[in-house]
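Hi,

Here is the structure I said I'd pass on to you. Have a look at it first, and then read my notes below with the viewer open.

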Amino acid sequence: MVKFAEIEQMGKAWAAQYCKALNASATYAKVAKGWGLTFDGGMLFVMEKCGEMEDDITAFLDLKDGKCLGITIVAPGKEPPRKPILTLRAPMLTWRRIIFKEIDPIGAIMQGKLALTGEMTLVMRYTRAAVELVNVTENTDRALFTKFNLGDG
Amino acid sequence: MAPKKSSQAASTKEKQPAGTPSRQIDYSMPRQNGLFIPPPYTYPKMRAIIVVFQCAPGVKEKFLPPELTPIEYGLDSIFIAEYPNSSIGPYHENLILLQCEYKGEPGSFVYNIYVDDDAAFAAGREIWGFPKKMCNISLSQPEKGMVRGTLTRKGVDFLDVQVELMDKPPGMDPKTMLENMPIYNLKLIPDVADNSKPVLRQLTVTNMKYNNFTTSLGAKTNYVRSKFSQHDTCHEILKDAKTDMGGIYIKCDQILPNGSVLE
């Protein structure tokens, strides 16, 4: 079994890469323009334990006006830096399938595989930005999502 | 004149079965026994499939009124419902909704809407500006985990949708999702004397309410099949759309209140 402490550094390295990749994406900058200007743009990605993972991995994305101001990996049992405006929650295996485009994020929500809570009107206004959040992961080292046995769902 | 009006109202009421709301003289046509009553309309124990799709980029702007801005890659949707008992009687309904913004406020423009009841048809058009057409609509009961909705108009089977129900609810609360989606309509009433412009042109907004959910299941889209028809343009919207995005299946109570005029 893999504990959070064993993958924390890997998670932080991926978070730093992901933030950098978001800031390098002209498409994300365009479609997420205005996000977080009139509200706190913090989002929470909860990657729930499955397979050999013993702990959840939680990432707090500090997003504002098409830019990523930082991504914090939150340890199990700890609170994120701020209350997120949106939270996306799914088993790590589902995140892997979304990131590798085996399933569409909207489809995952509709089928109940990815849970979304928070300010729903923002989801409607920024659906394209949500898709780009996924697309940009292609420009990161996604070993965090492939290194461990996550089961078969 | 007042006593006569009162007498007409009493006479009309006497003819109605118990539990039927009173008709209001001079509310809807014909004036003494209008086709429909004033809202709000309630739809207890309705059931519906809502299938999400995404129009191809650039398509929506051709179909939206100029006051509305398309939200590309948004949550466009096909809604097929069965109303076993509403304020205006039982009927079926289908909406094709295009996600858009009005002055920065996201909502859904009713691109097309179909019903199979004359009161629903007339009330929708005359009160809110829903661009309703009459149509044969079916919504199957869940069978082997599948629900299918079909539309046939003027001999053309122009829309056929099938979803596979999941064994759990969708990943976002359907009440929140539906109630956070204001419905925009463009109400057009032609002039009796001048064909060059409508006598009434209103952009309206209506906020539906949903309560008492007894079923709320996520769904996988098996297929969305549209067919060209000279009478309907749904195929133009759907032929290049991304349609494999899933949907939801719900059973609940729906309320259609008065809307308001945006401009």
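**What I found**

Let's begin with a helix in chain A. In H3(A), the buried residues are A:Met92, A:Leu93, A:Thr94, A:Trp95, A:Arg96, A:Arg97, A:Ile98 and A:Ile99. One thing to keep in mind as you read: this is a predicted model.

So how enclosed is that helix? H3 covers residues 92-99 of chain A, and eight of its eight residues are buried, so the rest of the structure largely encloses it. A residue gets called buried if 20 or more other C-beta atoms lie within 10 Å of its own. As for what they pack against, the buried residues of H3(A) meet strands E1 (42-48), E2 (57-64) and E4 (86-91), along with H4, H6 and helix H7 (143-146), also of chain A.

**Chain A as a whole**

Zooming out, chain A has seven helices and five strands. If you walk along from the N terminus, the elements go α-α-β-β-β-β-α-α-β-α-α-α. The C-alpha trace spans about 40 × 30 × 25 Å along its principal axes. Of the 153 residues in chain A, 47% are buried. Also, if you take the contacts in chain A with a separation of 6 or more, 73% of them join residues 24 or more positions apart.

**The sheet**

Chain A has an open sheet of five strands, in the order E3-E2-E1-E4-E5, and the pairing is mixed. Which strands stand at the edges? They are E3 (67-74) and E5 of chain A; each has a single partner strand, so one side of each is left without a neighbour in the sheet. On average, neighbouring strands of this sheet are turned by 15° against each other, direction ignored.

A:Met47 has A:Ile57, in E2(A), as its bridge partner. Helix H1 (residues 4-24) of chain A packs on the sheet and touches E2 and E3 of chain A, its direction making about 170° with that of E3(A). Our friend H3(A) packs on the sheet too, touching E1, E2 and E4 of chain A, and its direction makes about 105° with that of E4(A).

**Where the chains meet**

Now for chain B. In the contact between the chains, 19 residues of chain A meet 26 residues of chain B. On the chain A side, the elements giving two or more residues are helix H4 (105-110), strand E5 (115-118), helix H5 (120-125) and helix H6 (127-135). H4(A) gives the most, with five residues. By class, this side of chain A has 10 nonpolar, five polar and four charged residues.

Last, a glycine in chain B: B:Gly218 sits in strand E12 (residues 209-226) of chain B. Is B:Gly218 buried or exposed? B:Gly218 has 26 other C-beta atoms within 10 Å, so it is buried. Leaving out residues up to four places away in sequence, B:Gly218 touches residues in both chains, including A:Met110, A:Gln111 and A:Gly112 on one side and B:Met166 and B:Ile248 on the other. B:Ser140 lies 78 residues away along the chain, and the C-alpha atoms of B:Gly218 and B:Ser140 are separated by 17 Å.

Cheers

How values were computed. Residues are numbered from 1 along each chain as its sequence is written. Chains are lettered from A and ligands numbered from 1 in the order in which they are written. This is a predicted model: local features need pLDDT of at least 70, side-chain atom pairs count only at pLDDT 80 or more; totals for chains, interfaces and linings use all residues. Two residues are in contact if their C-beta atoms, placed from the backbone, lie within 7 Å. Helices (H or I, at least four residues) and strands (E, at least two) are DSSP runs, numbered from the N terminus. Ala, Val, Leu, Ile, Met, Phe, Trp, Tyr, Cys and Pro count as nonpolar, Asp, Glu, Lys and Arg as charged, and the others, Gly among them, as polar. A residue is buried if 20 or more other C-beta atoms lie within 10 Å of its own, exposed if 12 or fewer, and partly exposed in between; C-beta atoms are placed from the backbone. Two strands pair if DSSP finds at least two bridges between them. Axes are lines fitted to C-alpha atoms, for helices over the stretch in contact, and angles run from 0 to 180 degrees between N-to-C directions.
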